[in-house]
Amino acid sequence: MEKQKKKKSHFPFRLNILFFSVFLLFSILILRLGFVQIVYGENFKRDLERKEDITVSNPVPRGKMYDRDFKVIVDNIPKNAITFTNEGFSQNEMIETAEKLAKLIEKKTDKVTDRDQRDFWILKNPKLGEAKITKNEKNLYEAKKLTDRDLYKLKRDRITPQELKEIDQDLEVLALYREFISGYKYTPQIIKNESVTEQEIAAVSENLQSLPGVDTTTDWDRTYLFENTLRSVLGKVTKSDEGLPADRLDYYLAKGYSRNDRIGKSQLEMQYEDILHGYKSRVKNVTDKTGNVIETKTITNGKKGNDLVLTIDMDLQMSVDKIIEEELWAAKQFPGTSLTDRAYVVLMDPRNGEVLAMSGKKIERNRETGRVEMVDDALGTFTTTYNVGSAVKGATVLTGYKTGAISPGTIFDDAGLKIQATPLKKSYTYLGKLNEINALKKSSNVYMFHTAIRIGNGHYEYDKPLKIDNTAFDTIRNSFASFGLGTRTGIDLPNEQTGVKGQSKLPGYLLDLVIGQYDTYSAMQLAQYVSTIANGGYRMQPYVVKQIREPIEGSNEPGAVVKDIHPTVLNTIDAKKMWMNRVQTGFRKVMQEPGGTAYKFFSGVTYAPAGKTGTAEAFYDGPLRSRFGKEPPPVMNLSLVSYAPSTNPEVAMAVLVPWAYAGKEDNRANLKIGRRVLDMYFQMKKK
């Protein structure tokens, strides 16, 4: 019993110690909290009330573009600009600033709308605006039958023309205020960057203390040193008042762009936006709970965009442009050429896919002046497609080899084919019995017809129905695609077109397919196709940007190499070397032997060209199509694919002249252009 009593007497004592320890710890904690609150409370309060905003400062120039010889193609022109940054100003503060600024600079008012004027009148005359609401309408508003928006609309609509005239003298103020409120908080908004005089810059700079949010800076514009040459491919940049496109707003915001940034909106400017677009300096603005900026700190300095070095030779490009212009105008002198309005040439290095020149010219009427002009359409070399005719026959022969439809030396009689219930399908004249080499040399249609029939496991009998395996269409198209025909070439530019594939699978259309008169192809596809034959079977990806380089401030010289763009082999042709050699022989005979379809135009040249001509019977589908109702007129498209020299080729060429003539008149613009272009290329090489 004594032991138990002793045990009980110790238990409360231990509990008291525990309670005392807890009490002591809480006391220390309370004292510490009190100390922190009293000594550091104000600092913590300020930190809680501080708000950090990252703003992006003034624009930086985009990267330049050079040609392959480092000639500047696209550059930037600096120009004066006046900006406004909304740092949380009230409407009245911004109006006051706009009134002061309007006295210092001239601001165009052409963008001020009637709606802007009415809104501004209400802002300037709040009591008069309120008086336009009737007592009954106020009662309806109290009864929640009218909204704030309804009342505002009533005010706006009831402003009289005479009242609106009262703000005519404030239109410049309104134009400036309109710009002020269109920007985003803490983001500089360009107020004026066109025709800003030195006097305006000086006046604004002297009065910055009384113009909160206003600043002067240097903006830039794109300039094109070769004027309109290649302009459609170089692309465009959005204007300062356009900002980010609505359809890609989230994409660019996620990449750190500001809403009012300018970006490349087409072709090279758009394709290489991430490279050309510089990095603005990033500034951290710290504000208090009222929105006032209490601290500004630069996080990163701005950096100009990187430069692009193109594969294009601008001297060669301009020479090709001139040749096309001259020959296109000359072609228009022939009968039946009222619809002839364009021509295209692509020059490519078949060894690596570098595009040396991509020229397109188009005749069109200027909507403003009404005059007929020749304009740049280099874009059309890969965004427009046409029936090209016999130029594709090299791919047909190689497809015949691959499928076993023909073998080296196979001979067919060139007599025309008569399929039941269809017109006679023949060559332009009877060419006798031919092997595949001479069929290419003389451009036999019938040889290709027999090849296609065999690919389709068909059997031809005179004036009898022709049955084929419909899978032959896919077999031939897949084979053509391996050369680049009817598929994307992979060029590093947006909006490339693959062409139109005929939908019907009647046997006669298979015969049209193998002579280039069913599906449509672009000049760029033709250049890739002939390059594949020229280099022995490697389909090279064409590209126009060969290097990315760092900028050198204040210099027209390119900086250090950031990245080299290396050639890309997209696929190799599944063909024996002997097969490729026989097609190359046929192409050589086309241009170097009497009887070849291009021999008369290329005889005597020293650069030993090889290639294939093309003439396609087609239907007009151009800008004047609507004039002809349901039946467009028949036209002839002309093409030429070539490479030179025929051994160890260094240049491949595609020429395409759509709607070259109607009727039977033959002006051969494709051969005239092709001869002059290759002559020019090898003349320039000697210099």
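## Helix H16 and its cover

In H16, the buried residues are Lys393, Gly394, Ala395, Thr396, Val397, Leu398, Thr399, Gly400 and Tyr401; buried here means under 20% relative accessible area, with exposed over 50% and partly exposed in between (1.4 Å probe, protein chains only). Helices such as this one are DSSP runs of H or I with at least four residues, strands are runs of E with at least two, and both are numbered from the N terminus. Because nine of the eleven residues of H16 are buried, the helix is largely enclosed by the rest of the structure.

What does the cover of the buried residues of H16 include? Among the covering elements are helix H17 (436–442), helix H18 (445–455), helix H19 (471–481), helix H21 (523–534), helix H22 (577–592) and strand S18 (610–619). Just after H16, have a look at Gly404, which takes a positive phi of about 80°.

## What kind of model this is

Residues are numbered from 1 along each chain as its sequence is written. This is a predicted model, in which local features need pLDDT of at least 70 and side-chain atom pairs count only at pLDDT 80 or more, while totals for chains, interfaces and linings use all residues; side-chain values use heavy atoms, with hydrogens and water left out.

The pLDDT, which is the predictor's confidence in each residue from 0 to 100, averages 89 over the protein, and 90% of the residues score at least 70. Residues 1–8 have a pLDDT below 50, and beyond near neighbours in sequence this stretch has zero contacts in the model (a contact means heavy atoms within 4.5 Å). Where pLDDT is low, the predicted coordinates should not be read in detail.

## The protein as a whole

The protein has 24 helices and 20 strands. Of its 687 residues, 50% are buried. If you take the contacts with a separation of 6 or more, 72% of them are between residues 24 or more positions apart.

The accessible surface comes to about 35000 Å², and carbon and sulfur atoms account for 51% of that. Accessible areas come from the Shrake-Rupley method with a 1.4 Å probe, and for residues only the protein chains shown count as cover.

## Strand S3 and its partners

Strand S3 (residues 72–84) is mostly covered, with ten of its 13 residues buried. How many bridges join S3 to strand S5 (residues 214–224)? Eleven bridges join these two strands, which run antiparallel; strands count as paired if DSSP finds at least two bridges between them. Within this pairing, Val74 stands opposite Tyr224 in S5.

S3 is also joined by three bridges to strand S4 (residues 189–192), again antiparallel, and Thr83 stands opposite Ile190 in S4. Strand S2 (residues 65–66) pairs with S3 in the antiparallel sense over two bridges, with Tyr66 opposite Val72. S2 and S3 form a hairpin with five residues between them, and Phe70 in the turn has a positive phi of about 65°.

## Strand S18

Back to S18, one of the elements covering H16. S18 is itself mostly covered, as seven of its ten residues are buried. It pairs with strand S19 (residues 634–644) in the antiparallel sense over ten bridges, and Phe619 stands opposite Pro634 in S19.

## Aromatic pairs and charges over rings

The structure holds 15 aromatic pairs. Rings of Phe, Tyr and Trp (its six-membered ring) pair if their centres lie within 6.5 Å; planes under 30 degrees apart count as stacked, over 60 as edge-to-face and the rest as tilted. Phe120 and Tyr177 form a tilted pair, 6.0 Å centre to centre with 45° between the planes. Phe120 lies in helix H3 (residues 114–124) and Tyr177 in helix H8 (residues 171–182), so the pair ties together parts 57 residues apart in sequence. Phe120 is buried at a relative accessible area of 2%, and Tyr177 is buried at 7%.

Tyr344 and Tyr386 form a stacked pair, 6.2 Å centre to centre with 25° between the planes. Tyr344 is in strand S9 (residues 342–348) and Tyr386 in the loop between helix H15 (380–383) and helix H16 (393–403), 42 residues apart. Tyr344 is buried at 1% relative accessibility, and Tyr386 is buried at 6%. Tyr344 and Tyr386 form one aromatic cluster with Tyr620, Phe628 and Trp659.

Arg231 lies over the face of Tyr224, at 3.7 Å from the ring centre, and Arg262 lies over the face of Trp220, at 4.2 Å from the ring centre. A charge sits over a ring if NZ of Lys or CZ of Arg is within 6 Å of the ring centre and within 35 degrees of the ring normal.
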